[in-house]
Amino acid sequence: MLPDMGNNAAAIAANILLQHCPNIRHIIMCGIAGAVPSPTDPENHVRLGDIVVSGLQGIVQYDRGKQRDPRIRSSTTDEDPFAGFDFRSAPRPPCPVLSSAARRILADQKMLRREQARPWEQLYSSFMSSGVEVNDWKRPDSRRDILNDAPDGTGARTKPPRDRSRRAKQPRVFLGAIGAANIVQADPRRRDALRDRFGIKAVEMESSGVADAGWVANIGYLVIRGTCDYCNTCKNDAWHNYAAAIAAAFARTLIEKLHPLGPESASVESTPDAGLPATSIGESGIYNRNNDSSDDSVKQTHVEQFTNVETSAVASEMMGATPSRKGHQLRLTTTRDPDSSRVIERPTAYNDDAITLKVGQLEQLLREGRLADANTAGAKLEQMLRSMPKKVKVVRAGWIVLCNLELANVQQRTAKGDRPNLERLHELKKEANDVAD
């Protein structure tokens, strides 16, 4: 919870958070924002109760720049509410891992029928049935979604366009730029100018501070906002609670989409349903459990987390194991013959999210010039790639970044006067070319 509104308070809070919790790798800023409507463009028309996620454009801090006298050498018109202002917002792209997860979520929902609830809608419904005061958090009546930009709030209302992508009484999710400033925006002229100039889909007051704090600390960020007003004189609190709740539901959906594996992950505890003791993720990327002895054999259970039950089912079919339907986990059992010391282990499968995460880590290490750490991470990534049971696009990306790592090693050896050996580089390139997109 922030001590106050505004980018300054958000930047300070994020900085303190990162100091107290040095193992944090990503920051998700979640809350409410003003919607930026486009009544003539159904595909980009943001309405109340919708969800806006910061896209590749990131955050636009629209109060950062230089204010000139608009009468001097100005190319703007008198109707431009930003006349004479030169925007100088530093680009802060969001975290590629989090952005990729958001895009996958939106890609997945396109496979659902219109009447099927989306995961964030299911989470919101569960929240509403959990004993909370329903009237405080329920979605307002659609008749209260009114776009009226008249200065006094009277006059004709702007009718929303017909949108075939929108489902009745449910939020649409948008990926796009978000505007942030230390200003409570209630001027529809400025709102529309930001939309036309930067493609902004929501306006709020904290995200540029979080983005700056993350950029300085080399930590990725993502912003998730529920929209609660239209940034005009008709601003009120009617949609605040619902907008906050639906944004939080989408944030949880996104977190569940991530799949951290490997030694960087923190220790975790098993779910009560699993009936297994607590442990931590080891170098192999699996949960190592204690052995259960019997007269016939010794069984060792490995638990591999997946993002959903369907993924678990596919992986289990490939590895000949029976998936557990509880807690989105897949259990794989390996046996040891009591008459032999040989242990028969089935291979560990990693999903696309784990590969994407490791590729991003390795790319970051290469950008920072940390070649020793990059070689350690590269060895882990190569182990993961060779265990993948299928050839997919994300695997090709993994082999390509390993090619870049080996190229950096070749350049380092050459700089030391050593004669480079290019056989491994050719081997990695062949692996990348063998993967079909």
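The structure is a predicted model. The chain has 437 residues, of which 45% count as buried. Its secondary structure comprises 12 helices and 12 strands. Among the contacts in the chain with a separation of 6 or more, 71% are made by residues 24 or more positions apart.

Strand β1, made of residues 26-35, pairs with β7 in the parallel sense, and nine bridges connect the two. Within this pairing, G31 stands opposite R225 of β7. Strand β2, which covers residues 51-61, also pairs with β7, here in an antiparallel arrangement with three bridges. At this pairing, I51 of the chain faces G226 in β7.

Strand β6 pairs with β1 in the antiparallel sense over two bridges, and G34 is placed opposite V203 of β6. Strand β6 also pairs with β5, residues 173-180, in the parallel sense over four bridges. In that pairing, G179 is the residue that stands opposite V203. V203 of β6 therefore has G34 opposite it in one case and G179 in the other, because strands are counted as paired where at least two bridges are found between them.

A177 is located in strand β5 and, at a relative accessibility of 0%, counts as buried. Leaving out residues up to four places away in sequence, A177 touches Q57, G58, F198, G199, I200, K201 and A202. A177 and P93 are separated by 84 residues in sequence, while their C-alpha atoms are 9.9 Å apart in space. S54 lies in strand β2 and is also buried, with a relative accessible area of 1%. Apart from neighbours within four places in sequence, S54 is in contact with I59, P94, L175, G176, I178, Y221, L222 and V223.

Helix packing was examined for two pairs. Helix α3, residues 119-128, packs against helix α7, residues 240-257, at an angle of about 125°, and the axes of the two helices are 8 Å apart. This angle makes α3 oblique to α7. The crossing in which α3 passes α7 is right-handed. On the α3 side, the contact is formed by P119, W120, L123, Y124 and F127, and on the α7 side by Y242, A245, I246, A249, F250, R252 and T253.

In the second pair, helix α10, residues 371-387, and helix α11, residues 393-415, pack at an angle of about 145° with their axes 10 Å apart. Helix α10 passes α11 in a left-handed crossing. Helix α10 contributes L371, A374, N375, G378, L381, E382, L385 and R386 to the contact, whereas α11 contributes V395, G398, W399, V401, L402, L405, A408, N409 and Q412.

K169 has a positive phi of about 60° and is found in the loop between α4, residues 134-137, and β5. With a relative accessibility of 64%, K169 counts as exposed, the threshold for that class being over 50%. In contrast to the exposed K169, C231 is buried, its relative accessible area being 2%.

Notes: Residues numbered from 1 in each chain as written. Predicted model: local features only at pLDDT ≥ 70, side-chain atom pairs only at ≥ 80, totals over all residues. Heavy atoms only, no water. Axes fitted to C-alpha atoms, helices over the stretch in contact; angles between N-to-C directions. Parallel < 35°, antiparallel > 145°, perpendicular 65-115°, else oblique. Left-handed = near helix turned anticlockwise from the far one by under 90°. Contact = heavy atoms within 4.5 Å. Buried < 20%, exposed > 50% of the residue type's maximum accessible area, 1.4 Å probe, protein only.
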